[in-house]
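We will go from one selection to the next.

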Amino acid sequence: MSGAPALDVEVRRVGIDDPLAEPLVRELTEEYVRRYGPEAHEEMTRYPADSWTAPHGLLLLLLEDGEPVAGGAYKRYDERTAEVKRMWTASAHRRRGLARRVLDELERAAAGAGYDRIVLTTGPLQPEARGLYLASGYTALFDVDADPLTIGPLPFEKHLL
């Protein structure tokens with residue numbers, strides 16, 4: 001399905017323990033481990049499950065024909081700031097604008113929950129994520145001309161209107 005336009009998808013809020021979230025957790029963990037090594041497993045269990053629940057956070061999935069194809073979450077960073085985490089698009093559904101849709105949905109939900117700023121961090125071995133955030137109006141809080149491997153985690157922010 002690579003290159004296909006994003007079709008109509010259902011946006012569903014779920015808990016991290018919802019069976020529909022299993023592909024997100026599994027594939028994202030596998031990808032982190034492939035890119036960053038075995039210690040990347042810890043990232044996926046770093047936060048308690050209630051980090052992704054209202055009123056301070058959420059996890060949402062995009063479903064196509066009832067199957068999860070993309071998702072993401074935010075959690076409370078501070079009183080006015082949400083932190084995006086767990087951005088994922090199923091490998092068979094990439095290059096369709098789904099990650100951008102997830103990001104748009106997360107921004108809208110965060111603004112609706114009273115947050116006026118979003119922060120996020122991606123890894124230096126995720127150039128597609130870096131590109132997505134720059135193309136989506138996020139401000140890089142690092143030197144974009146530097147070699148990402150010399151920086152480490154790549155922080156971004158965006159002020160919500």
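How are helix 3 and helix 4 oriented to each other? They are oblique, the class for angles that are not under 35 degrees (roughly parallel), over 145 (roughly antiparallel) or 65 to 115 (roughly perpendicular).

A word on the model: it is predicted, with local features needing pLDDT of at least 70 and side-chain atom pairs pLDDT 80 or more, while totals for chains, interfaces and linings use all residues. Residues are numbered from 1 along each chain, and side-chain values use heavy atoms, without hydrogens and water.

**Select helix 3 and helix 4.** Their axes (lines fitted to C-alpha atoms over the stretch in contact, with angles from 0 to 180 degrees between N-to-C directions) cross at roughly 50° and come within 11 Å. Now show Ala99, Arg100 and Leu103 of helix 3, which meet Leu132, Tyr133 and Ala135 of helix 4; contact means heavy atoms within 4.5 Å.

**Stay on helix 4, residues 127–135.** Helices are DSSP runs of H or I with at least four residues, and strands are E runs of at least two, numbered from the N terminus. Colour Ala129, Arg130, Leu132 and Tyr133: these are buried, meaning under 20% relative accessible area, with exposed over 50% and partly exposed in between (1.4 Å probe, protein chains only). The four lie on the same side of helix 4, because their arc around the axis is only 160°, taken from the directions from the axis to the C-beta atoms. Turn to the other side for Pro127 and Ala135, both exposed.

**Step just past helix 4.** Gly137 has a positive phi of about 90°.
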